[in-house]
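Please examine the structure shown below, together with its sequence. The paragraphs that follow lead through it step by step.

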Amino acid sequence: MTNPVRVLAVAAHADDEVLGAGGTLAEHAAAGHPVAVLILSSSATSRPGPDSETVRDHRAACARKVAELYGAELTLGDLPDNAFDTVGRLHITQTVEQAVREWQPTIVYTHSTADLSHDHQLVAAATAAATRPQPGTTVRTVLAWEVRSATEWGPERAFRPTWFQALTPAAVALRRQALDLYSSELRRRPHTRSVQALDAQLLTRGAQIGVEAAEAFEVIRHVHHPLGAEQ
């Protein structure tokens, strides 16, 4: 008997989960799949100033509203923004391991190592380590998303998706609602993180597979069991 689908999204910052997989998470939610989101930072330490605490609280509040929109369980950390390397890789990996252990997901979404953001790279590596195949693990699939203004500027390699999720109009609409909740993190056109650019990204990925809209992922790992075998 196949295990029911359980989803975990591991994001470095509040809003990455929507930028990377907002439509896909909506599809999972619509299918009745339990969804959990681990956000490692709502910090605003990369934006110094007297209002940094206010920004952090606002980001955290937005993340909670987005999780509620998706009907998702939320775990919110407070690692220093753009300074994940100051806390050590082991701590990040153990944080993801704890989420995997508690939620027991079958599919995990996270960042790509192709990203410009060092925080994203560290989370990608930590998630790959935390989900490595072990006897009795529930994780079958680990996918890496793209985040505009980070993934397309990766200095070492290009993001090369091989897994696409077609999106229904309802999923696209829910993703837009979530982005509206994170409106303080968006930018005006022609910025790559403008609403128009983000919508265009869905159309481009959709066109690549012959549908109206889609999100694209790199496959970090996919464990396929023999057909008919109990999982």
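In this predicted model, helix H1 covers residues 16-30 and therefore counts as a helix of at least four residues. Its 15 residues reach 20 Å from the first C-alpha to the last, which is close to the 21 Å expected at 1.5 Å a residue. Just after H1, Gly32 takes a positive phi of about 85°.

Most residues other than glycine have a negative phi, and most peptide bonds are trans. Asp15 has a positive phi of about 115° although it is not a glycine. Is Asp15 buried or exposed? Its relative accessibility is 4%, and because buried means under 20%, Asp15 counts as buried.

Gln104 is another residue other than glycine with a positive phi, here near 50°. Gln104 lies in the loop between helix H3 (89-103) and strand E4 (107-110). With a relative accessibility of 46%, Gln104 counts as partly exposed, because this value falls between the 20% and 50% cut-offs.

A cis peptide bond is found elsewhere in the chain. The bond from Arg189 to Pro190 is cis, with omega near 15°. Pro190 belongs to the loop between helix H5 (169-181) and helix H6 (195-208).

How are H5 and H6 arranged? They pack at an angle of about 155°, and their axes are 12 Å apart. H5 is therefore roughly antiparallel to H6, because angles over 145 degrees are counted in that way. The crossing of H5 and H6 is right-handed. On the side of H5, the contact is made by Val172, Arg175, Arg176 and Leu179. On the side of H6, Val195, Leu198, Asp199, Gln201 and Leu202 take part. An α-helix has 3.6 residues a turn, so residues three or four places apart point the same way.

H5 also packs with H1, at an angle of about 135° and with the axes 8 Å apart. H1 and H5 are therefore oblique to each other. Their crossing is right-handed. From H1, the residues Val18, Leu19, Gly22, Gly23, Ala26 and Glu27 meet Ala171, Leu174, Arg175, Ala178 and Leu179 in H5.

The crossing of H3 and H4 is right-handed. The residues of H3 that meet H4 are Arg89, Ile92, Thr93, Val96 and Glu97. Their partners in H4 are Leu122, Ala126, Thr127, Ala129 and Ala130.

Leu74 is found in strand E3 (residues 73-76). Its relative accessible area is 26%, and Leu74 is therefore partly exposed. Which residues does Leu74 touch, not counting residues up to four places away in sequence? They are Val37, Ile39, Ala63, Arg64 and Ala67. Leu74 and Glu17 are 57 residues apart in sequence, while their C-alpha atoms are 11 Å apart in space.

Thr113 is located in the loop between E4 and H4. At 44% relative accessibility, Thr113 counts as partly exposed. Leaving aside neighbours within four places in sequence, Thr113 is in contact with Gln121, Ala124 and Arg157. The C-alpha atoms of Thr113 and Leu186 are separated by 23 Å, and these two residues are 73 residues apart along the chain.

Finally, Thr204 has its place in helix H6. Thr204 counts as partly exposed, at 47% relative accessibility.

Terms used: Residues are numbered from 1 along each chain as its sequence is written. This is a predicted model: local features need pLDDT of at least 70, side-chain atom pairs count only at pLDDT 80 or more; totals for chains, interfaces and linings use all residues. Side-chain values use heavy atoms; hydrogens and water are left out. Helices (H or I, at least four residues) and strands (E, at least two) are DSSP runs, numbered from the N terminus. The expected span of a helix is 1.5 Å times one less than its number of residues. Buried means under 20% relative accessible area, exposed over 50%, partly exposed in between (1.4 Å probe, protein chains only). Axes are lines fitted to C-alpha atoms, for helices over the stretch in contact, and angles run from 0 to 180 degrees between N-to-C directions. Angles under 35 degrees count as roughly parallel, over 145 as roughly antiparallel, 65 to 115 as roughly perpendicular and the rest as oblique. A crossing is left-handed if the near helix is turned anticlockwise from the far one by less than a right angle, and right-handed if clockwise. Contact means heavy atoms within 4.5 Å.
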